Amino acid sequence: MPEDYLDVLPDNHVYHLLQAHTYGLRDLIIPSELDKAPVSGPYGEKFDIPSSDLNDIRFCTNGVIYGTNKVLVPAIFTGITMPLFKYPEFTWFSLAFNKRSLYQMANDPNNRHTLFIIDDTDMRSAGYTYNISTQAIGEFQLYNGNNTMADNGITNLVLRGFVLGDVPPSYNSISQGLRFYVSKNFSNYFYSHEGDFFDCMHSLMEVKNTFDTENGTVYQIEAPFSTTSGGMMQRMNQADVTTFRALMVQCGLISGGALQFVQTEIAFVPTNDAMQAAEDAGMLPDPDDREALRAYLMYYFSPLHQNKLDHYILPGLGPNGMTDSAFETVLETHVEYHDADDAKTIRVSWDPDDPYVMTLTDMAGNSIRTNGDIPNFYNNGTCYTLEECFDYRTMFGN
């Protein structure tokens, strides 16, 4: 390689290429060892370098230098980080991966992954820039607006679009329905719907380019992933559920504009029409019976022990986001009880033949369904919408 090429190659690229050729902090590799087993690279690579490929050997005071006619290509040049090295328009992401040492995780040889990246022009439009020092090799900074980004901010932004497993492209038949995907660090989710990708704020994520690599697929999108913001009271304040909210206020479950018992929850929220129909049918408790009303309303909420997206109940969420068989689970609700045998539960089930809804079955065996809308996600839980209500007279199995 002519020396001039080193002037145009980014320092990051040169560093990782040389790293694949350099082995420190280990015993000396002698030629006979090269004939017995491949050399393990820094990212799980196995490089076959038989002694017959060596054309020069120099023993030095602190090691040995082998001359060879073979270039050792690191896995990060061919795995899902490949576009970050091959295309200069992804410099921001390349630097981010380098700064936070994410290459090892991204190039796990035992798993396939999906990565969403954004080019420098679109990152700049979103307020993210970088500066590479011309004075010191390897020195650079990443910015959000005028502020230097903290390490955890860089990691979170990158990992929002980093998914364990394959996310099928829009033309694949499995992506034509509704599928949810959770980022590898469980900090974010997105979904595919009728062949398009949407972030957690239900904004379309247009795919500008697709790259197939040795351990997964990389999608170039227009902007960084949105993150959930605000709590579940945002849902309670919406016009279509004011009746449910009013009853929550009446029995003290909402006070001062805040939910009084919610930590992290799955909530099933009936609409005004559903509540009116239930009232007309005599399915609601006496509004003057505060204890009964509290128990009825709290039955629509199930607490989560951890605020992690993989604990939520989502249509189509499973291994690699592609559940293809029916499943069900039993959720304990917020209804107060004296001992575990008296816990009030809901059975939640999903059928891939009817992928847009969840079926909820009460303790008497009566079922109602979510309305098929995409659930609303908040920083303390997720809300499904119901167009029908449970019957208080029978729902506890009495």
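How many disulfides does the structure hold? The structure holds zero disulfides, a disulfide being a pair of cysteine sulfur atoms within 2.5 Å. This is a predicted model, in which local features need pLDDT of at least 70 and side-chain atom pairs count only at pLDDT 80 or more, while totals for chains, interfaces and linings use all residues. Residues are numbered from 1 along each chain as its sequence is written, and side-chain values use heavy atoms, with hydrogens and water left out.

**Cysteines**

- Cysteine 60 has a relative accessible area of 37% and is partly exposed; the classes are buried under 20% relative accessible area, exposed over 50% and partly exposed in between, with a 1.4 Å probe and protein chains only.
- Cysteine 389, with a relative accessible area of 6%, is buried.

**Aromatic pairs**

- The structure holds 26 aromatic pairs; rings of Phe, Tyr and Trp (its six-membered ring) pair if their centres lie within 6.5 Å, and planes under 30 degrees apart count as stacked, over 60 as edge-to-face and the rest as tilted.
- The pair of phenylalanine 116 and phenylalanine 225 is edge-to-face, because the ring centres are 5.3 Å apart and the planes stand at 85°.
- This pair links distant parts of the chain, 109 residues apart: phenylalanine 116 is in strand S5 (residues 113-117), and phenylalanine 225 is in the loop between strand S15 (216-221) and helix H9 (233-236). Helices (H or I, at least four residues) and strands (E, at least two) are DSSP runs, numbered from the N terminus.
- Phenylalanine 116 and phenylalanine 225 are both buried.
- A cluster linked by ring pairs comprises Phe244, Tyr296, Tyr299, Tyr300, Phe301, Phe390, Tyr392 and Phe396.

**Charges over rings**

- Lysine 344 lies over the face of phenylalanine 396, 5.2 Å from the ring centre; a charge sits over a ring if NZ of Lys or CZ of Arg is within 6 Å of the ring centre and within 35 degrees of the ring normal.
- Phenylalanine 396 is also one of the residues in the aromatic cluster.
- The ring of phenylalanine 140 has the charged end of lysine 99 over it, at 5.6 Å from the ring centre.

**Salt bridges**

- The structure holds 11 salt bridges, each being a side-chain nitrogen of Lys or Arg within 4 Å of a carboxyl oxygen of Asp or Glu.
- Aspartate 122 and lysine 208 form a salt bridge with an N to O distance of 2.8 Å.
- Because aspartate 122 lies in helix H7 (residues 120-125) and lysine 208 in strand S14 (residues 207-213), this pair ties together parts that are 86 residues apart in sequence.
- Aspartate 122 is buried at a relative accessible area of 16%, whereas lysine 208 is partly exposed at 41%.
- Arginine 369 and aspartate 354 form a salt bridge, with the closest N and O atoms 2.8 Å apart.
- Here the partners are 15 residues apart, with arginine 369 in strand S23 (residues 367-369) and aspartate 354 in the loop between strand S21 (345-350) and strand S22 (359-361).
- Arginine 369 is partly exposed at 36% relative accessible area, and aspartate 354 is partly exposed at 29%.
- Aspartate 56 meets arginine 58 in a salt bridge (3.3 Å, N to O), and aspartate 56 is partly exposed at 31%.

**Asparagine 188**

- Asparagine 188 is in the loop between strand S10 (178-182) and strand S11 (189-193) and is buried at 2% relative accessibility.
- Asparagine 188 and threonine 227 are 39 residues apart in sequence, with 6.4 Å from C-alpha to C-alpha.
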